[in-house]
Each structure stands twice: as structure tokens, then as C-alpha cells.
Amino acid sequence: MKQLTYLRINNDVEYVQREHQAKRDRGAARELTQDKMFQEDTVESAPPANELPAGKSLLERAYLQAVEQVDDTDPMRTRILDAAEEQFRRWGIQRSTMEDVARTAGISRITVYRRFATKEELVERVILREFRRYFDTFLVDIAAATNVGDRVVLGFVSSLRALRGNPLIGGLITAEPDHFVSSLVGDDGRAVAMVREFVAQQLRQEQRAGTIPPDLQVELVAELMVRICASFLAVPSQVVDLDDDEQLAALARQFLVPMLDPHGR
């Protein structure tokens, strides 16, 4: 009897083991099928994103999109970006996964991967959209100023306020500065050069309007202005309260505006 009981138990154990193995095999088969389906799905033509020339920094692409009014027309991509922005704001970029974004958006993970092949691409697109929003606001703000000095002051103050006050970009600056700085300048200086050229263009318009000296070295002045602003964004100050608009305006009026007329004419 004991031997029969032992054999029965052994048979039961073997049966359970076989069932577990069969389940594992079926699970592996399902995963392979899903992976194959995913690979096939990613080849399907999801509506293409509005692409700009490759090799440009996030900041450069955002500015060009703002100037050219380039908009994404795919509602599903917008839905994913909205969900990713919410997820990144709540938990940060490093702690968030593509599955988290899919859950927040109420869609499948495969749908996310159809639009964004990697998490890195999704992160870039979210940050790009935030910079685009910043540039949209910036262009409106400086247009409202009545003279060149006010345009410099307003541009400086609004830039720091908009970027630091943005829930996502501001969070990156304080919580994940390495990610922010690499996104901003990890391009051999092209982002700074692009913004410098934008500022230089504004200064050339001022020269043509006769509001600043015709012999002003606009590229050099623009370079200094951009680097000062970028340094405040990247490195916290122990002297200047970056949350005080009046102090920032006074700083810009004392040190940046005089750059427009270095000879005091």
C-alpha cells in the first residue's frame, strides 16, 4: 500500500511538472507569436511624424518647428505624448517605462511602439514638444515689447521663467540635470549656435531699424547673451534668485542691454 501511495504521489508530481512545463512552453510560444506580431506591426505604416533634417539638436528642431508652424497631425501620437508627459511629470523619466505610458494612455504597449520605437525616442519627442511650446510663447512675448532694451530684458526673463516653470523641463533641470543638459547641448554646440543665430538675426533687424549701432558685433553679443542664459538654466545660482522676475529684469538691464552699445553712444 505504501509503495502504491508512493507511486501515485510520484505520478502526481510528474503530472504537475509536465503541466507546468507545458504551460511554460505555451507561454513561450505566445511570446514568440506576440514578438512576431509586434515586429510585423511596427513595419505597418503608422502615420509618419513630421520629421525635420536629421542631426539637429532638440532645441534646434523645436525652434524650427515653431517658426515653420510644423504640427503633428496624428491623434494617436498626440495621445501617447500627452500620457508620457503626465507619466514623466509624476514619476520622472528614469522610473517610467513604455508599459507605464501605455497604461496611462489606455492603449496597448504595441501601439506605443508603433509610433515610438524606443523609450529614448519617446523621451526626445516629449521634450521636443515642450521646447516647441516655449518657442511659441517666446516669439509672442518679444513681439509685444516696444523697444530694443525691453526686448532683451523680456526675452531673458521670459526664457528663464518659461523653461524653469515648465513642469517637465523644470523637473528635468532640478531632478535629472544630466538628462536635461545632454538634451540641450549634447550636439557639439549646434543648439547654442542655433539660438545664437536666432538672437543675432533679431539684432540685425534692430540694426536695420537703426535702434542699435551698425558696427555692433552681433554674433559675439548674441553668443554672450545665449551662454549667460544657458548657464543659469544648467547651473543653479547662489547669488541670483532665478524665481524673482524683477531681479532678473534688473540684471538684464544692467549687464545685457549695455552690450547693445558697448561704446556708450
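**Exercise 1.** How many residues does the largest nonpolar core have, and which residues have the most contacts inside it?

*Solution.* Start with the ground rules. The model is predicted, so local features need pLDDT of at least 70 and side-chain atom pairs count only at pLDDT 80 or more, while totals for chains, interfaces and linings use all residues. Residues are numbered from 1 along each chain as its sequence is written, and side-chain values use heavy atoms, with hydrogens and water left out.

Step 1. A nonpolar core is a set of buried Ala, Val, Leu, Ile, Met, Phe, Trp, Tyr and Cys residues joined through side-chain atoms within 4.5 Å. Buried means under 20% relative accessible area, exposed over 50%, and partly exposed in between (1.4 Å probe, protein chains only).

Step 2. The largest such core has 56 residues, and Leu 122 and Phe 156 have the most contacts inside it.

Step 3. Among the elements that give two or more residues to this core are α3 (75–91), α4 (98–105) and α6 (119–144). The largest share, 9 residues, comes from α6. Helices (H or I, at least four residues) and strands (E, at least two) are DSSP runs, numbered from the N terminus.

Step 4. Contact means heavy atoms within 4.5 Å. Apart from neighbours within four places in sequence, Leu 122 is in contact with Ile 80, Leu 81, Ala 84, Met 98, Val 101 and Phe 116.

**Exercise 2.** At what angle do α3 and α4 pack, and how far apart are their axes?

*Solution.* Step 1. Axes are lines fitted to C-alpha atoms, for helices over the stretch in contact, and angles run from 0 to 180 degrees between N-to-C directions.

Step 2. The angle between α3 and α4 is about 115 degrees, and their axes are 8 Å apart. α3 is therefore roughly perpendicular to α4 (under 35 degrees is roughly parallel, over 145 roughly antiparallel, 65 to 115 roughly perpendicular, the rest oblique).

Step 3. Residues of α3 that meet α4 include Arg 79, Ala 83 and Gln 87.

**Exercise 3.** Is Asp 100 buried or exposed, and what does its side chain reach at 3.0 Å?

*Solution.* Step 1. Asp 100 lies in helix α4 and counts as buried, at 17% relative accessibility.

Step 2. Its side chain reaches the backbone nitrogen of Thr 97 at 3.0 Å. The side chain of Asp 100 also makes a polar contact with the side chain of Arg 103 (3.1 Å). A polar contact is a pair of N or O atoms within 3.5 Å; within protein, one must be able to donate a hydrogen and the other to accept it, and residues adjacent in sequence count only if both atoms are side-chain atoms.
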